[in-house]
Amino acid sequence: MTLTERDLKVIWHPYTQMQTALPPIGIVQGEGACVYDESGKKYIDAVSSWWVNIHGHAHPYIAKKVADQLKKLEHVIFAGFTHEGAIELAERLLAILPGSQRKVFFSDDGSTAVEVGIKMCLQYWHNKGESKTKILAFKNAYHGDTFGAMSVSGRSAFTAAFDPLLFEVEFIDLPDKENIKNLKSQISDLKSQLACFIFEPLVQGTAGMVMYEAKYLDELVAHCRNEGVLTIDDEIFTGFGRTGKPFACNYIAAQPDIMCFSKGLTGGTMALGLTTCTQQIYEAFLSDDRLKTLFHGHSFTANPVACSAALASLDLFLEAATAKNIRRIENAHQQFGLRIKDHAKVKTTRQTGTIFAMEWETGSNTSYFSSLRDTLYTYFLNAGIILRPLGNIIYILPPYCITDDELAYIYRTIEQALKEI
Ligand SMILES: Cc1ncc(COP(=O)(O)O)c(C=O)c1O
C-alpha cells in the first residue's frame, strides 16, 4: 500500500473536507526549497509548508544540532527546572527583539503563544485589581484555532460552528490615512474597558495576505500606549525575516508590550511557541499572593530539542547570506509583480518583503471556497509546485534558500496558468 492509501484509512487532516478533498500526497524527503513524494516527484514548497520553513527542508545544520541535543537531553519538566537551550534561546532572542521585551514564556505553537499573550494581558489587569476585560482586534484577523485565539480572530466560516461560545471582541478596521483619526478616538472611548489590542503587524496572512501601512500601525500602537491599553504583536507569521526586516515591528517606532512567535522560530523544524513581555507585565505577576501566578503551562514547555532547533535556526538566520537571500527574493518578487500587474486576469498584486500576493480577477467577490482555488491548487501541484491559494489569491512565500531557477519556474508557471485557466 502507498502512504496515501494507508493515510486514508486512519487519518483526519487539518482544514480538509475529507469527503471531497484530493487524497493527500505522501512526502518522503525534503531538501532545500523542495520536497519529494513517494513516487519520486519533486515539489517546490512555495508556501514554506504553512509559512514555517525559512531555511529549507531537512537542513543539515539544524538536523545535526537537533540530533546532538537528542543524545544529551530530550525533555525535562519546565516548572522547577530549567536547561541551557531554553536559557540561551531566551537570552539571544531578547537581545535582537525591538523595544523592551524582557522575559520569555514558552509554549507549543502559534495558537498557544497567542493564548499566553491574551492571558498575560487579562491577568495583568486582574492582578492590579482593575476590571479591564475587553480585547480589541482587527476585522478579519487570524490568531489561531484554540478558543481564545479564535475569539480574537475575525468571525468567519472557520469559526461559524463556535461563534456562540467565543468571547466578545471589539473589531476595528485596518488603519489607513482616512480612518486613523476615527480609530484612535474609538480606542479612547473604549480605553476604560480595554485589556489589550492584538494585531498581525503589516500583513494579515490568513485573511488573504492583506497588507497595510506601517506608519498607521505605529500610530495605533503609540496611541494604545498613551491610553493605557496593552498591545500584543502577533509575529507568528511575520517574524524572522518574512517582511524583509527581522521582525515586522522593526518597521515601527512604537513598541508592543507583548510579542508572540512560532512558525519560523525553529526554522519550521519543530513545534515551539513563545510569548515575550516587558518587565512591567512580568512584575504585575510577582507577589507573595500565589493567586497572582500565571497559571499556564504545557507538558512540552520549552522542549530542549525544539529549543536546539530554534537556536540552530537563529544561527542561520543571523548569517549574512540569509539577509542577502531575503533581498534577492524581494527583488525577484518585485520584478515579477511589474511583469504581471497589467494582465487582464490580475486584479491586484502586492508585496511585503518575501511575501508576494496576487488577486485573480473573477468578476465577483473573493471567497475562500471559490472553485478557482481548487483549479489553481491542482494546476500548480501538477506542475510540481505547492501553492495553496486563499480563494482567488495566489501567494508565494518560499524558504529563503530557494534558488533563482526555482523562483523563475514558479513565476513562469503562474504566467502559464494566467494563459491557460
Ligand atoms: C498570525 C498568526 N497567528 C497565529 C497563528 C496560529 O499558529 P499555529 O497554527 O501554530 O497555532 C497563525 C497561523 O497561521 C498566524 O498566521
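## Aromatic pairs and a helix contact

A search of the whole structure finds 17 aromatic pairs, where rings of Phe, Tyr and Trp (its six-membered ring) pair if their centres lie within 6.5 Å, and where planes under 30 degrees apart count as stacked, over 60 as edge-to-face and the rest as tilted. This is a predicted model, in which local features need pLDDT of at least 70 and side-chain atom pairs count only at pLDDT 80 or more, while totals for chains, interfaces and linings use all residues. Residues are numbered from 1 along each chain as its sequence is written, and side-chain values use heavy atoms, with hydrogens and water left out.

Two of these pairs are set out here.

| Pair | Centre to centre | Angle between planes | Class |
|---|---|---|---|
| Trp51 and Phe237 | 4.3 Å | 45° | tilted |
| Phe336 and Tyr411 | 4.3 Å | 15° | stacked |

Trp51 belongs to helix α2 (residues 48-51) and Phe237 to the loop between β10 (230-234) and β11 (258-261), so their pair ties together parts that are 186 residues apart in sequence; helices (H or I, at least four residues) and strands (E, at least two) are DSSP runs, numbered from the N terminus. Trp51 and Phe237 are both buried, a term that means under 20% relative accessible area, with exposed over 50% and partly exposed in between (1.4 Å probe, protein chains only).

Phe336 is buried at a relative accessible area of 0%, and Tyr411 counts as buried at 4%. By contrast, His343, which is found in the loop between α11 and β13 (346-352), is partly exposed, with a relative accessible area of 31%.

Elsewhere, Phe138, Phe197, Phe199 and Tyr212 form one aromatic cluster.

Turning to the helices, the axes of α4 (residues 84-96) and α10 (residues 304-317) come within 9 Å and cross at roughly 35°; axes are lines fitted to C-alpha atoms, for helices over the stretch in contact, and angles run from 0 to 180 degrees between N-to-C directions. The residues that meet, with contact meaning heavy atoms within 4.5 Å, include Leu89 and Leu93 in α4 and Ala310 and Leu314 in α10. The residues of this contact divide into 8 nonpolar, 1 polar and 3 charged, where Ala, Val, Leu, Ile, Met, Phe, Trp, Tyr, Cys and Pro count as nonpolar, Asp, Glu, Lys and Arg as charged, and the others, Gly among them, as polar.
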